[in-house]
Amino acid sequence: MRPQRLVDLLTLVALVLLALSGYLTWSKADPGSGRPKVNFSGYTVSHAPVTLALAAVVAVIITKLAGTALRRVISGLLVFMGAAAIGVALQVRPNAGELSRLRPELSQAVTDHVVLSTGPAPWLALAGGVVLFAAGVIAVLTAHSWRRPTARYERDPAATPADQWKAIDAGEDPTI
């Protein structure tokens with residue numbers, strides 16, 4: 001498999017994993033005393049996984065249009081986004097105080113204590129971050145061998161601006 005296709009595939013896998021982590025249960029809170037349990041999705045706890053996934057897809061699309069130097073810079077950003085997703089997955093663990101701001105029924109004034117547990121979403125965010133990090137590293141290392149953007153819609157470099165204006169005056173399209 002060509003490195004460019006591998007980066008595309010890895011970015012797509014990272015998009016799915018990070019998006020799933022945004023919509024699955026990140027934390028569960030049990031206020032006790034017969035009150036219903038409250039589930040918090042990853043998007044409620046942190047917008048970072050979904051935002052990083054969308055930014056990574058945009059970055060990969062831009063690498064299709066960029067030259068080698070810009071492609072390496074954008075690939076470096078992919079590495080950074082993967083590391084950020086890993087950091088979010090490992091460090092974002094809301095405590096009872098933070099969750100009570102999101103849901104007032106979990107505050108200390110209403111309940112004695114809240115039992116917190118973690119759902120599957122942080123693990124998906126971690127996996128998505130690792131995959132995105134790998135895609136970025138592969139892209140940085142192989143950016144020089146990727147296919148160049150086509151010159152299909154570019155103008156003739158030998159034509160001067162005066163020649164192009166003359167072609168327009170004659171009713172011709174100078175971009176063809």
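In which sense, left-handed or right-handed, does H1 cross H3? The crossing of H1 with H3 is left-handed, a term for a near helix turned anticlockwise from the far one by less than a right angle, clockwise being right-handed.

## Basis of the model

This is a predicted model, in which local features need pLDDT of at least 70 and side-chain atom pairs count only at pLDDT 80 or more, while totals for chains, interfaces and linings use all residues. Residues are numbered from 1 along each chain as its sequence is written, and side-chain values use heavy atoms, without hydrogens and water.

## Helix H1 against H3

Helix H1 spans residues 3–23; helices are DSSP runs of H or I with at least four residues, numbered from the N terminus. The axes of H1 and H3 come within 8 Å and cross at roughly 160°, axes being lines fitted to C-alpha atoms over the stretch in contact, with angles from 0 to 180 degrees between N-to-C directions. H1 is therefore roughly antiparallel to H3, the term for angles over 145 degrees.

Contact means heavy atoms within 4.5 Å. On the H1 side the contact residues include Asp-8, Leu-15 and Tyr-23, and on the H3 side they include Val-50, Val-57 and Lys-64. By class, this contact has 11 nonpolar, four polar and two charged residues. Here Ala, Val, Leu, Ile, Met, Phe, Trp, Tyr, Cys and Pro count as nonpolar, Asp, Glu, Lys and Arg as charged, and the others, Gly among them, as polar.

## Helix H3 against H4

Helices H3 (residues 48–65) and H4 (residues 68–91) have axes that come within 10 Å and cross at roughly 165°. H3 is thus roughly antiparallel to H4, and their crossing is left-handed. Among the residues that meet are Leu-52, Ala-59 and Thr-63 in H3, with Arg-71, Leu-78 and Val-88 in H4. The contact of H3 with H4 divides into 14 nonpolar residues, two polar and one charged.

## Helix H1 against H6

The axes of H1 and helix H6 (residues 121–142) come within 8 Å, crossing at roughly 160°. This makes H1 roughly antiparallel to H6; the crossing is left-handed. The contact of H1 with H6 comprises 19 nonpolar residues, five polar and no charged.

## Aromatic rings

The charged end of Lys-64 sits over the ring of Trp-146, 5.9 Å from its centre; the criterion is NZ of Lys or CZ of Arg within 6 Å of the ring centre and within 35 degrees of the ring normal.

Conventions: Helices (H or I, at least four residues) and strands (E, at least two) are DSSP runs, numbered from the N terminus. Angles under 35 degrees count as roughly parallel, over 145 as roughly antiparallel, 65 to 115 as roughly perpendicular and the rest as oblique.
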